[in-house]
Structures are given as C-alpha cells and as structure tokens.
Amino acid sequence: MKITNLEVYELKIPFSIGIKSSSADFLKQDGMDFCVIKIETDNGFTGWGDAFSFNCRRAVSEVILNMVKPHLIGKNPLDVQNINFELQKKLHLFGRYGITMFAISGVDIALWDIVAKNSNLPLCNVLGSAGIKKIPAYASLWRYENKEAVKDRCSSAKNLGYNYIKLHEVFTSEVRAARETLGEEIPVMVDTNCPWTKDEARQILNSWEEFNLYWVEEPINPPEDFESLSNIRSESLIPLAAGENACTSFEFKKMFEAEAVDYAQPSVTKVGGITEFNKVVSISQTYGVQVMPHSPYFGPGFLATLHLAQSMPNPGLLERFFIDLEAYLYPEDIFTPKDGFFKINGGIGLGYEPDVNVLKDYIVK
Ligand SMILES: [Mg+2]
C-alpha cells in the first residue's frame with residue numbers, strides 16, 4: 001500500500017458561546033478553525049486527521065502541504081510509527097513544539113485511521129481495546145469574565161448531565177460564582193491558560209483553596225517552567241494539571257521527573273498525534289500520573305481522543321468544549337454525552353467520515 005495523495009481542508013465554522021461576554025478576545029476567534037487532512041492510498045483507503053489550528057490555520061496548512069507532504073507520498077501508511085519518527089527527525093529544527101508538530105500530529109491521526117480501516121476494525125481495537133468503556137465527560141466552558149454568564153453556563157451544563165465542569169477564568173469572582181451555583185457536589189476545574197508568575201500563582205492558589213477545586217490548569221508562564229509548577233504544587237492543596245502545551249513524550253518525562261503535575265493533559269492534535277499520545281500514556285503510567293486528555297475539538301482529533309481514551313486503563317475525564325457550532329463535521333450526538341458519559345459507535349477506523357457538505361460550505365480559500 002502506498003500514499004498517493006494528501007489534501008488539507010481549511011475550515012472556519014462560526015459558533016455560539018451561549019451568552020454575551022466581555023472577554024471576546026479569549027482565543028481571539030470569530031470562528032472555529034480546522035485543518036482537516038485527507039490522505040488517500042493506491043488501494044482506495046482514505047484516512048482523516050486534523051492538526052491544531054486555532055488562530056494559526058493557514059500556517060499549519062502550509063507546513064502540512066510544503067514540509068510534510070513531500071515526505072509522505074509513496075510511503076506505506078501501515079508504517080505510521082516509523083513515519084512519525086522520521087518526520088520528527090527531518091523537521092526537528094523547525095520547532096519541536098508548535099506549528100510543525102501540529103502538522104505531524106494531524107497527519108499521524110489520518111495514518112492511524114487508514115491502519116484501522118485496513119484491519120477493518122474500529123481504531124480503539126487496533127490500539128488494544130474492546131471499545132466498551134463509558135468515558136466520563138466534562139464541560140469545558142468559554143472564558144466569560146462575567147459572573148452572571150458563568151452562573152448561566154454552569155447551570156446549563158449541569159442540567160445537560162455533566163458531572164464535571166471546567167472554567168476558563170482567572171478572577172476569583174467567577175470561580176466563586178461557579179461554586180455557589182453548582183454547590184459542592186459537582187467537581188469544578190479552573191483552566192487559567194498560563195497567566196502568572198510563580199509568586200502570583202502562589203498567592204492566587206492560596207486564596208482559591210476554599211473552593212475545593214478538582215484541579216487548576218496551567219497557572220504558570222511559561223508552560224515549560226516545570227520547576228516553578230513543582231514548587232507551587234508542593235505548597236498548594238489544589239491539584240495541578242498541564243500538558244496541552246508540552247512537546248512530545250520527552251517533555252512529559254521532564255514534567256513527571258520534576259513532579260510538576262497531578263494530571264497530564266496531552267492533546268492529540270498537538271503532541272505528535274496518536275503515536276506520541278500513546279507514549280505519553282505509557283510513561284504517565286510508569287510515573288503514576290493520571291492522564292486527562294485535552295480535546296476541545298470537533299473534528300477527527302475529537303474522535304481520535306475518544307478511541308485513545310478507550311485504550312487507556314484509566315481513561316480519566318474527556319473534555320467537551322461547551323460551545324455550539326453552526327455546523328458539525330460528524331453527527332452532533334457524538335459530542336453530546338449521555339448522562340455525563342461518552343461512548344463510541346463501533347464504526348471502522350475513527351468511526352465516522354466527515355460530512356462532505358460541511359467540508360464544502362465552510363472551506364476557507
Ligand atoms: Mg487548557
């Protein structure tokens with residue numbers, strides 16, 4: 001089998017955050033960006049992947065087409081682990097984390113889709129799982145910087161059956177509003193997206209101990225300052241999570257050696273695809289750290305994460321970005337947990353093919 005073609009569909013799909021907010025520049029997006037990758041083979045298989053592309057869609061697409069694709073044409077997709085290794089080796093000087101690795105990640109997901117389709121099995125089966133687990137979901141809220149909006153969205157998520165809710169807030173007033181709205185029975189996480197120095201983080205985490213948070217995510221800038229994270233962690237009662245900005249399993253190893261986190265958050269569209277995500281899961285087990293997949297996605301990356309979660313002995317909680325897209329690449333109920341849990345459908349490969357009308361209607365030229 002040989003790879004004969006690779007195409008990138010650059011999409012921008014408008015979305016609703018449910019309620020007006022003052023922090024419209026959170027993620028600075030006027031639509032959800034996608035780099036959807038289609039890889040075709042000489043014997044008729046098609047694999048789908050996606051590369052992280054929030055606010056960097058065109059750049060990622062150019063890397064895929066100009067720097068990755070030339071290394072892929074003619075290769076056997078069943079050699080995915082070796083292809084990933086060779087791409088990382090050939091492209092290392094262009095950034096071990098960031099746009100180059102996003103591109104490699106998307107391609108890796110599409111290759112694994114082909115590997116599973118060639119076996120006529122769901123991807124999770126190929127990854128060593130029967131695929132029958134119920135994966136607990138968490139609602140991952142937009143950043144509103146508005147107490148009333150946070151209360152509204154927390155109530156909405158709770159009413160939809162989510163048993164865990166994550167905020168993207170940095171001010172105490174919104175964290176308090178969430179806890180007051182949800183009571184003590186719903187675990188609350190707070191993702192801060194790397195805003196603080198070590199000293200600032202120490203002070204704020206001290207003041208947040210009263211909220212009994214399930215975790216605080218990425219309190220320190222820069223994200224790879226594992227020594228500072230480790231110091232904060234040793235001083236705080238609040239568990240820490242990080243990893244969506246970590247580059248490959250090598251950086252996770254450093255994170256674990258520094259005892260920097262309670263929860264590790266590899267992101268399949270950023271970390272190096274399914275191949276690298278699986279390595280992170282392996283070393284997380286060795287170091288006794290729970291993986292909580294980062295997955296605010298609505299494309300092949302979300303499906304890949306569902307299959308990976310099936311293959312993890314302890315799948316942790318799976319992130320559902322709590323926004324509503326104008327259109328979905330897959331049936332919307334895939335992204336809608338039932339009674340707080342995700343399941344998979346048993347379809348071959350990633351389990352679904354993207355809607356060709358959505359690919360056509362939301363393409364960015
Ligand atoms: Mg995060």
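Figure 1. Glu259 is partly exposed, because 14 other C-beta atoms lie within 10 Å and a residue needs 20 or more to be buried and 12 or fewer to be exposed. The model shown here and in the views below is predicted. Glu259 sits in the loop that joins helix H9 (248-257) to strand S10 (263-264). Glu259 is not a glycine, yet its phi is positive, near 50°.

**Figure 2. The loop between strand S8 and helix H8.** This view takes in Glu218 and Pro222. Pro222 belongs to the loop between strand S8 (215-217) and helix H8 (226-235). Glu218 is in the loop between S8 and H8 as well. The peptide bond that runs from Asn221 to Pro222 is cis, and its omega is near 0°. Glu218 has a positive phi of about 45°, although Glu218 is not a glycine. Is Glu218 buried or exposed? Glu218 is buried, because 23 other C-beta atoms lie within 10 Å and the cut-off for a buried residue is 20 or more.

Figure 3. The protein chain is split into domain 1, made of 3-120 + 357-361, and domain 2, made of 126-352. Taken over C-alpha atoms, the centres of domain 1 and domain 2 are 22 Å apart. Domain 1 puts 41 residues into the contact and domain 2 puts in 38 residues. On the side of domain 1 that touches domain 2, at least two residues come from each of strand S2 (15-16), strand S3 (32-41), strand S4 (46-51), helix H2 (80-90), helix H3 (99-119) and helix H12 (356-361). Which of these elements gives the most? H3 does, with 13 residues. Sorted by class, this side of domain 1 holds 22 nonpolar, 13 polar and six charged residues.

**Figure 4. The largest nonpolar core.** The largest nonpolar core has 111 residues. Within this core, the residues that touch the most other members are Ile37, Ile64, Ala103 and Val261. H3 supplies the largest share of the core, 13 residues. Domain 1 (3-120 + 357-361) and domain 2 (126-352) each provide at least three residues of this core. A closer look at Ile37 shows what surrounds this residue. Leaving out residues up to four places away in sequence, Ile37 touches Leu6, Val8, Trp48, Gly49, Asp50, Ala51, Ile64, Gly106, Val107 and Ala110.

**Figure 5. Glu62 in helix H1.** Glu62 is part of helix H1, which covers residues 57-72. Glu62 counts as partly exposed, because it has 14 C-beta neighbours inside 10 Å. Along the chain, Glu62 and Ala103 are 41 residues apart, while their C-alpha atoms are separated by 9.1 Å. Ala103 is one of the residues that touch the most other members of the largest nonpolar core.

**Figure 6. Helices H5 and H6.** Helix H5 consists of residues 147-159 and helix H6 of residues 172-182. The two helices pack at an angle of about 35°, and their axes are 9 Å apart. The crossing of H5 with H6 is right-handed. On the H5 side, the residues that meet H6 are Lys147, Val150, Lys151, Cys154, Ser155 and Lys158. On the H6 side, the partners are Ser173, Glu174, Ala177, Ala178, Thr181 and Leu182. By class, the residues of this contact are five nonpolar, three polar and four charged.

**Figure 7. Trp142 and the residues around it.** Trp142 is placed in the loop between strand S5 (135-140) and H5. Trp142 counts as buried, because it has 22 C-beta neighbours inside 10 Å. Neighbours within four places in sequence aside, Trp142 is in contact with Ile17, Ser21, Phe26, His168, Phe322 and Ile323.

**Figure 8. Thr197 and Ala178.** Thr197 is in the loop that links strand S7 (188-191) to helix H7 (198-208). Thr197 counts as partly exposed, because it has 13 C-beta neighbours inside 10 Å. Thr197 and Ala178 are 19 residues apart in sequence, and the distance between their C-alpha atoms is 25 Å. Ala178 is one of the H6 residues that meet H5.

Notes: Residues numbered from 1 in each chain as written. Predicted model: local features only at pLDDT ≥ 70, side-chain atom pairs only at ≥ 80, totals over all residues. Domains from an automatic or database assignment. Contact = placed C-beta atoms within 7 Å. Helix = DSSP H or I, 4+ residues; strand = E, 2+ residues; numbered from the N terminus. Nonpolar A, V, L, I, M, F, W, Y, C, P; charged D, E, K, R; others polar. Axes fitted to C-alpha atoms, helices over the stretch in contact; angles between N-to-C directions. Left-handed = near helix turned anticlockwise from the far one by under 90°. Core = buried A, V, L, I, M, F, W, Y, C linked by C-beta atoms within 7 Å.
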